[in-house]
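Dear colleague,

Please find the structure below, followed by a summary of what was found in it.

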Amino acid sequence: MKRVRAKKIVWGVVLVVLVAGGIVCAKRWSVWFGNKPEPAYVLTDRPQRVILTFGNSGELSRNVSWVCGGTSERARLEFTRVGSGDTLTVDGRSKLLRTEGGFCYANWAMFGTLIPGSSYSYRVWNDDRASDWYSFRLQPGSASRFSFVFVGDVQDTLHGKARDFMETVRRRFPQTAFYAFVGDFIERPMNCYWDEAYRSVDSIAPSVPLLVSPGNHEYRKGLVRTLEERFPCAFSYLLKSRYKDNHVFSIDYGDATIITLDSNRDPWFQFSQREWLKEALERSGKKWKIVMLHHPLYSIKGKMNNLTVRWLYDDLIREYGVDLVLQGHEHNYGRMTVKTEDGDMTTPVYLVSNAAPKNYRLMFNEKYDRLGTNHRFYQNISVSRDTLSVQAFLDDGSLYDDIRIVKDGSGKVEIVDNARTLPEALEMPGLKGDKAEKFKKDAEEWKRRRSVQ
């Protein structure tokens, strides 16, 4: 009788768990697996949303992408080296994309051989319809010294403020070599949000290369998530660099190898992505190695977050001497350095940044050296011979973080932290009651620990 009663109890517990799980799934199903319908749209037939990116043949190669409505029998690129007197025409590729809200032609083309230090003007065509003329300049020779701007999630609302933010960044660093984004470039994979995202970079995108890795907001939800087609067509280097259905990319630029990963893939896809990362790191003979991915390997949102991503990639990042890891997703700021047995800072440096209008609740991960909330951040990253420097700025332009990674000829690394006296922004709006009190207490404890160190 006792055994029968025990079985009934066990099966009763199982039934309760299944019913509770079913209720939770029913309530959360659309959040986990559903996609909001895309509003109807009609694109004009003129080429628009022109984006300059890197190509797939090294630091001097460039691609360009654009979209249009109407019809398109032939896409092409017309360009000239300034002062040469010659104009070249290159056939592009065009793909009809049908979405819930309408359709568009996604177009892309590759520039031919480009000359270091030269300036180029170009425009793109669909049939007899041309865009405006745009221009860009290549660095002189292999860039031993260069700088680029890193921006975390943009993910702006409709009619948002990202354009003002990006214009501030552009004016601050007019000579930047390229812009790097780590995903969630758009709020949702819909035409209206692509328009909003492009509006934020319309003075940058046709003239300065954008290097963008995918984020979860570029994906369509489902039992198996899929990267929405407009994304790899816009950042067309991904079309040639895909590895076993993973949207990954690697480029050698000056004395650095820059690698973009897709941390949004379901785990069974990411094992092959790990293979690719290992091969890319092994191939690199550059002094500096930088990895970009959307999800932080060490979360500032919760200790159990992103464990699969960390398990798959972090040992390779450390084994192959990656210097800097650029991340987003968690809508706050964080900078973490690895510590030696003596407590000294060393590489890799893990950076989490955010430029979106919303902030998530911050957890005070003790592995981090510096945190920040309730602001949009951007970073200027410069490489100059033996030094890689990272400066982070608030949306008002004030300096927020400042470190240098110095590496001598033997590979010995020293990290100089110039931000020890800079105040941290640790306000978390929107919290009430016990959550607000706990955040305030945790912030005070964090500051106390930092002052003791």
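Predicted model: local features only at pLDDT ≥ 70, side-chain atom pairs only at ≥ 80, totals over all residues.

Residues are numbered from 1 along each chain as its sequence is written, and side-chain values use heavy atoms, with hydrogens and water left out.

T257 belongs to strand β16, residues 256-260 (strands are DSSP E runs of at least two residues, helices H or I runs of at least four, numbered from the N terminus). Its contacts (heavy atoms within 4.5 Å), not counting residues up to four places away in sequence, include S250, D252, W288 and I290.

Helix α6 covers residues 267-283 and spans 25 Å from its first C-alpha to its last, close to the expected 24 Å (1.5 Å times one less than the number of residues). Its buried residues, among them F269, W276 and L277, pack against β15, β16, β17 and α7.

Helix α7 has 13 residues and a kink of about 40° centred on Y313 (the bend is the angle between axes fitted to the seven residues ending there and the seven starting there). Y313 is one of the buried residues of α7, as are V309 and L312; the cover over these buried residues includes α6, β17, β18 and β20. After α7 comes G321, with a positive phi near 70°.

Kind regards

Notes:
Buried < 20%, exposed > 50% of the residue type's maximum accessible area, 1.4 Å probe, protein only.
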